[in-house]
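Subject: Structure handover and notes

Hello,

Here is the structure we talked about. Please open it alongside this note. My findings follow below.

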Number of protein chains: 2
Amino acid sequence: MKELSQVLPSEIEARSFEIITEELGERTFPEKEAPIVKRVIHTTADFEYADSLVFSPGAVDKALEALKNGACIVTDTNMGKSGINKRALASLGGEVYCFMADEDVAKKAAASGTTRAVASMDKAAEMGKDCIFAVGNAPTALVRLYELIQEGKIHPKLIIGVPVGFVNVVPSKELIISLPDTPYIVARGRKGGSNVAAAICNALIYQLTRK
Amino acid sequence: MKELSQVLPSEIEARSFEIITEELGERTFPEKEAPIVKRVIHTTADFEYADSLVFSPGAVDKALEALKNGACIVTDTNMGKSGINKRALASLGGEVYCFMADEDVAKKAAASGTTRAVASMDKAAEMGKDCIFAVGNAPTALVRLYELIQEGKIHPKLIIGVPVGFVNVVPSKELIISLPDTPYIVARGRKGGSNVAAAICNALIYQLTRK
């Protein structure tokens, strides 16, 4: 088995994407959505995402345009932040924020009887920056984004709506899909996660940085 | 939908575990393995883990004993480290290490033509501490652990072998399962991930801290 420890990660990634493409068979995806679907499958080994990922019209183009202009990414977990290629994002002028562990966020959430995820979205809205939201954990974050959009307080460049779970997750995703003017990439159903959110961010970033 | 943003995360977690238990139906698991299987399903919404997770005899008891005695956890990604409840682990006297971004690890990997994951496992072996290894990404980390065990250079308290992927992942997991005297929890097949590795660590830690 010695040879297994001497394969380079870049070769493994290329070969993995070949296998994924083979196994997807005759399934085809729009040119700019394909790398996103495939990277999520690469991250999860779960082909269900080929069916569950839904994109609003032009979502990828709008997100790429925002990233080119230095848009930042806001995550709802430090795990999601940890999985995003921050060096590649920085080369485009962007950075990643996660406010979940901030003291002011904890205080605000406790004071208003809500979640830190909700208070984090409020803090992101107050930044006034161009943001892509990558939500892999908290359905309450998606609900709050929906409310902030309805109130005209925030205009996300993209919402990545992929929380995982059994309670409130499915309706929170459908709420985002119901928005008429907000670009989104959503994993319908229960599945998702911070790893999926990070994979979608990286798939977007790499379309600009790995040419 | 306002009410959705006012459910407390602790209530959501409890209700999620009830749903998972309901949907597992008549499936039963050994008492100390059940919380691990359920937390992985909670993290992924993927019931396949009920079948794919395999435990060496007494693995959980041995891991709990090690954690009680302050064993540390070594991960193969900073994302895995990020997902582990470090405050709860610290209350037992343990801490989490990830060497993947260390400069000496990058240099060693480049010099010996191997991966940073391999060099990270070597660095962990050199610490001489009681360690649980949580591998959610790099099959080469599992292969290197196998070699270090064969060479008598390391005696892991537990190997969590749950890398995800399409190349080398399956055989690297079977290699760990082939070890006669090393406690392991492995997700057979392609699936796994840093989120799964962190969920298993937390499920172990919570058996000691959430009594």
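In which helix of chain A does A:His42 lie? A:His42 is in helix H2, residues 34–44 of chain A. Helices here are DSSP runs of H or I with at least four residues, strands are runs of E with at least two, and both are numbered from the N terminus.

Some ground rules before the rest. This is a predicted model, in which local features need pLDDT of at least 70 and side-chain atom pairs count only at pLDDT 80 or more, while totals for chains, interfaces and linings use all residues. Residues are numbered from 1 along each chain as its sequence is written, chains are lettered from A and ligands numbered from 1 in the order in which they are written, and side-chain values use heavy atoms, with hydrogens and water left out.

Helix H2 of chain A

Is A:His42 buried or exposed? It counts as buried, at 19% relative accessibility. Buried means under 20% relative accessible area, exposed means over 50%, and partly exposed is in between, with a 1.4 Å probe and protein chains only. Setting aside neighbours within four places in sequence, A:His42 is in contact with A:Glu13, A:Ser16, A:Phe17 and A:Ile20, and also with B:Val164 and B:Phe166. Contact means heavy atoms within 4.5 Å.

The helix as a whole is mostly covered. Ten of the eleven residues of H2(A) are buried. Among them are A:Ile36, A:Val37, A:Val40 and A:Ile41, but also A:Lys38 and A:Arg39. The cover includes helices H1 (9–24), H3 (49–52) and H4 (59–68), strands E1 (53–55) and E6 (184–187), and H11 of chain A. After H2(A) comes A:Ala45, with a positive phi near 55°.

Strand E2 in both chains

Strand E2 of chain A spans residues 72–75 and is covered on both faces. A:Cys72 and A:Val74 are buried on one side, A:Ile73 and A:Thr75 on the other. E2(A) pairs in the parallel sense with strand E4 (residues 131–135) of chain A, over four bridges. Two strands pair if DSSP finds at least two bridges between them. Within E4(A), A:Ala134 is the bridge partner of A:Thr75. Strand E3 (residues 96–98) of chain A also runs parallel to E2(A), joined by three bridges. There, A:Val96 stands opposite A:Ile73.

Now chain B. Both faces of E2(B), residues 72–75, are covered, with B:Cys72 and B:Val74 buried on one side and B:Ile73 and B:Thr75 on the other. E2(B) is joined to the parallel strand E4 (residues 131–135) of chain B by four bridges. B:Cys72 has B:Cys131 as its bridge partner in E4(B). Three bridges link E2(B) to strand E3 (residues 96–98) of chain B, again parallel. B:Ile73 has B:Val96 as its partner in E3(B).

How the copies relate

Chain A can be laid on chain B with an RMSD of 0.0 Å, by a turn of 180° and a shift of 0.0 Å along the axis. The two copies are thus related as by a two-fold rotation axis. In chain A, the C-alpha nearest the axis belongs to A:Met79, 2.6 Å from it. The same surface serves both copies, as 100% of the contact residues of chain A recur in chain B. The superposition is by least squares on the C-alpha atoms of residues with pLDDT of at least 70 in both copies.

A:Ser194 is buried, with a relative accessible area of 10%.

Other points

- A:Arg210 lies over the face of A:Tyr206, 3.7 Å from the ring centre. B:Arg210 lies over B:Tyr206, also at 3.7 Å. A charge sits over a ring if NZ of Lys or CZ of Arg is within 6 Å of the ring centre and within 35 degrees of the ring normal.
- B:Val118 is in helix H8 (residues 116–127) of chain B. B:Val118 is buried, at 5% relative accessible area. Its C-alpha is separated by 8.4 Å from that of B:Leu142, 24 residues apart along the chain.

Best wishes
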